Amino acid sequence: MTGTGHLDRRALLAGGLAGATFALAGCASTSAAPSATGASPTSTGASSSPRPTTPAAAFARLMEGNKRWVSGDLQHPDRDPNRRQLVSQTQEPFGSILSCIDSRVPPELLFDTGLGDLYVMRTGGEAVDPVVTGSVEYGPMTSGTPLIVVLGHQRCGAVKAAYASLHNDKPLAGNLQAIVKALQPAYEQTVREGGADPVDTMARAQVKLTAAELRSNQDLAPLVAKGALAVVGAYYSLDTGTVEVLTGAPS
């Protein structure tokens, strides 16, 4: 989202972000405050590696984790009491994931990550509004998180319902219609492109459109331009567990 809500976010960032962050008592931190163990927040447990600090390194960490998920050779990093204690005061996630609410697509599992590794936002069909966009911006703009991944997936129920609603001109009940409205640009692109599986085409279009919108967002675009942030569009296969990159992979 590049229009609504930007004045409010810029005011927050310019006038009181430091105080708001302090008031959230540990939601995020850009400083290396010591934990109860005396280690810095960039330290990790015995089973994990140092925090990636570049888009390419963060992307490589995620994709290595996905390979382990696919093969079943999982490390389950950063999931023990030591890690819990280490990140209890501060956090510096290396990635922000915007994915679907689908119960079969939990980012922490399919990327084999743990506590303090990822900011995760989940909405039906990766639908976005100013609140969601602000949540995605939070990591890169307050914690230096170098990577955003918009993650769609195979057989997305939200996309399927939105496609049927728009195709048949039958609004969905309650606030479900807000998801339909958010996914309408992807539907319109799908109608133009055609294809044998319009729901799958629409799911992929939604990822690409959302990633492009975030990449050109007036608050995130400067970070992308200077190489401090990458916005990747990706697609998860329920059948194989594989994450396929659609757009924006950092080099």
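The following paragraphs go through a predicted model, from its overall make-up to selected residues and contacts. Because the model is predicted, local features need pLDDT of at least 70 and side-chain atom pairs count only at pLDDT 80 or more, while totals for chains, interfaces and linings use all residues. Residues are numbered from 1 along each chain as its sequence is written, and side-chain values use heavy atoms, with hydrogens and water left out.

The chain has nine helices and five strands; these are DSSP runs numbered from the N terminus, with helices being H or I of at least four residues and strands E of at least two. Read from the N terminus, the order of elements is α-α-α-β-α-β-α-β-α-α-α-α-β-β. Of the 251 residues, 45% are buried, where buried means under 20% relative accessible area, exposed means over 50%, and partly exposed lies in between (1.4 Å probe, protein chains only). Among contacts in the chain with a separation of 6 or more, 71% are between residues 24 or more positions apart; a contact means heavy atoms within 4.5 Å.

Helix α2 covers residues 55-71 and includes R68. N66 is found in helix α2 as well. N66 is buried, with a relative accessible area of 3%. Not counting residues up to four places away in sequence, N66 touches L110, F111, G241, T242 and V243. The C-alpha atoms of N66 and Y236 are separated by 10.0 Å, although the two residues are 170 residues apart along the chain. R68 is also buried, at a relative accessible area of 14%. Leaving aside neighbours within four places in sequence, the contacts of R68 are D73, L74, Q75, P77, F111 and D112.

D112, one of the contacts of R68, lies in the loop between α4 (107-110) and β2. The phi angle of D112 is near 50°, a positive value in a residue other than glycine. D112 is buried, with a relative accessible area of 2%. E126 lies in the loop between β2 and α5, and is buried at a relative accessible area of 1%.

The next topic is aromatic rings. A pair of aromatic rings is described by the distance of the centres and the angle of the planes. Rings of Phe, Tyr and Trp (its six-membered ring) pair if their centres lie within 6.5 Å; planes under 30 degrees apart count as stacked, over 60 as edge-to-face and the rest as tilted. The structure holds two such pairs. One of them joins Y119 and Y138 edge-to-face, at 6.1 Å centre to centre and with 90° between the planes. Y119 belongs to strand β2 (residues 118-122) and Y138 to helix α5 (residues 130-142), so the pair ties together parts that are 19 residues apart in sequence. Y119 is buried, with a relative accessible area of 11%.

A charge sits over a ring if NZ of Lys or CZ of Arg is within 6 Å of the ring centre and within 35 degrees of the ring normal. R61 has its charged end over the ring of F94, 5.4 Å from the centre. R204 lies over the face of Y235, at 3.9 Å from the ring centre.

Two packed helices are described by the angle between their axes and the distance between the axes. Axes are lines fitted to C-alpha atoms, for helices over the stretch in contact, and angles run from 0 to 180 degrees between N-to-C directions. The axes of helix α6 (residues 157-168) and helix α7 (residues 176-193) come within 9 Å and cross at roughly 80°. Helix α6 is therefore roughly perpendicular to α7; angles under 35 degrees count as roughly parallel, over 145 as roughly antiparallel, 65 to 115 as roughly perpendicular and the rest as oblique. Residues making the contact include A158, A162 and L166 of α6 and V180, L183 and Y187 of α7.

A164 lies in helix α6 and is partly exposed, with a relative accessible area of 34%.
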